[in-house]
Amino acid sequence: MSNISVFGNQGLFEHVYKNAPIGIALVAIDGNWIDVNPAACKILGYTQAELMALPATDFVLSDKVDNLDELVKMMSQGTDKFESERQYLHKNGNSIWAAVHVSLVRDEESGEPLFFISQVVDTTDSRVAEQKLQESIERYTSLKKYNHDAIISFGLDGRIINGNQMTEQMTGYTIPELIGKRISKLIGEQNLASVLNPAKDYTLIEKDITEIRHKSGKMVEVLSTLAPIIIHGNTVGYYIIAKDMTEQKRLIIEKEAAEKTNKAKSEFLAMMSHEIRTPMNGVIGMTDLILETDLSPEQREYIDIIKKSGTTLLNIINDILDFSKIESGKTELVEEIFGVRSTISETINLILPKALEKNLEVTTSVSPCVPEVVEGDVTKLRQVLINLLGNAIKFTPNGAITTTVKLLAQEKDTVTLQFSVRDTGIGVPEHKAPQLFEPFYQVDHYMTRHVEGTGLGLAICKKLVHLMGGEIWYEPSPDHPGSVFMFTVNFKVEEDVVETPEAETLEGVPGSGNALKILIAEDNEVNQLVLKKMVEKLGYNSTVVDNGQEAIEAFKRYPYDIIFMDIQMPYLDGLESTKKIRELAAGDRPPFVVAVTAHAIKNDREKYLALGMDEYISKPVSMDEVSRVIQHYRKMAEAPV
């Protein structure tokens, strides 16, 4: 073995000093620089001259010892070494971490301190890796701690390693009680054996773990996932992640029950609509027919009362059905292009007779900025306006009612229009205004109120306006007695929309006037009589049959132009009868089939038209509706092919 002294201490020190991979700084006892090696310069990115222009004390002092006297004193009390870890600022501006080892060199004879040797090791990479590892551990810990599912880890020996808080909640055991116990205590021996069997795919086994045994002995229904614990490429255990399905199962059962309830509600509404409207058709239809006969003034007065009472009852039924339909989410928007001004005019014309009866002035104002045509649900818009205007007429003894429309906002292809209905009526007490749009709420007490109604009108308006993407509210009239109801609706706007002129009608074509051949298929005798008399009053003859099968036989004998087809009939319903009649008419001009039904919910018109009907009218049937249908057919028949 060679003696190190052969190489010379001076040469050896100089070689190590210049070539060592760690930084070495020599600092005098007074804190001034003596020297610094190339490695220290490389660690901090400075040249030797640049580094020695910085304070030398940065290489010997730390947060724990922040002055030289204290450092010398500490090293004189039994140790000549001091270690710390601190941050330095690299020349490029980045922070680096370094482990600093400071030792004190003394005179060999006197023991007097001579200078400090500071050894600097760059620990930035290991510090960053350590920090990332800690962050990863904290993320994993947070995920496990705050996860809504139970997470249990176990080794290949089947014994539990750890678990999270949800594990305690699901199993009833504390984590210390579980650690070291076999996982089969929770999932069963058979499942554990399958998981630990290397010949089996654990992803298929997890489907079999559907229950976790609680401490009390009850079984908790779960949805399980297995994940292997892999260390250095080897599987050393598994995680089982178990989701408690008790609440989800309860929600699914409740959802199914709610869906069944809604379905039963819809069927009940359809049945009630049919059962109520059918006799109402007889009441109102017969009063229409009686009013067409010669009556004494007293008789006419009585019949008018019957008709008004029947109409009021029908309106109440419609309100209840409409509200129920909206509440159950069965109302959908049917968008089409329509004229705003013409819609306002048509709506005003509908309520004008009632307003004139009370000698009320009715005015409208539409801003020039409002587009001529928009795209939206005109039927629902008209329903809201009729409701608000009807209320205004009801609660205005005298004075005026004003409807205004203005453009509130416009963005690309959409506009927001604001509608307001202002009246000079009795107004609404301030303390009652917040409840106006609540279902069944009425300002007048039911014992003292002066007008009839269900209290559903404004609630329906609110639902419809919200469905059309708008808002509705009430404002007291600021200048005079009365009320102002305002609402907004969003509509689409299309450019270059051209209204198509109606086709001119031709005179003297087949199928016009008294030459029309009309068949009525209806099983209710009263409704047969009502519809037949209405057709006669309009100047036409008709044939009546009692059911769908008879309607088919009648069509075989005679090719009818129009068939009023009741939907619900014995033996063969209206839809099936229509299908067979169309098959019989194949190649010839098919009959114009009108669905006549007491159903009036969930977009029945669109449904029956989609099922092959040409038109739709609901009971109670009015003479105006029958006339409209016949005129519609005549226009179609007279139009050039």
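**Exercise 1.** Determine how many bridges join strand S4 to strand S5, and in which direction the two run.

*Solution.* Step 1: locate the strands, which are DSSP runs of E with at least two residues, numbered from the N terminus. S4 covers residues 95–106 and S5 covers residues 113–122. Step 2: count the bridges; two strands pair if DSSP finds at least two bridges between them. Nine bridges join S4 to S5, and the strands run antiparallel. Ala98 has Asp122 in S5 as its bridge partner.

The model is predicted: local features need pLDDT of at least 70, side-chain atom pairs count only at pLDDT 80 or more, and totals for chains, interfaces and linings use all residues. Residues are numbered from 1 along each chain as its sequence is written, and side-chain values use heavy atoms, with hydrogens and water left out.

**Exercise 2.** Give the strand order of the open sheet and name the strands at its edges.

*Solution.* Step 1: the order of the five strands is S2-S1-S5-S4-S3, with antiparallel pairing. Step 2: S2 (33–36) and S3 (81–89) each have a single partner strand, so one side of each is left without a neighbour in the sheet. Step 3: neighbouring strands are turned by 25 degrees against each other on average, direction ignored; axes are lines fitted to C-alpha atoms, for helices over the stretch in contact, and angles run from 0 to 180 degrees between N-to-C directions.

**Exercise 3.** Decide whether the residues of strand S6 are buried or exposed, and find its partner strands.

*Solution.* Step 1: six of the six residues of S6 (150–155) are buried, where buried means under 20% relative accessible area, exposed over 50% and partly exposed in between (1.4 Å probe, protein chains only). Step 3: six bridges join S6 to S10 (residues 234–244), antiparallel, and Ile151 stands opposite Ile241 in S10. Three bridges join S6 to S7 (residues 160–163), also antiparallel, and Ile152 stands opposite Gly163 in S7. Step 4: inspect the turn. S6 and S7 form a hairpin with four residues between them, and Gly158 in the turn has a positive phi of about 80 degrees.
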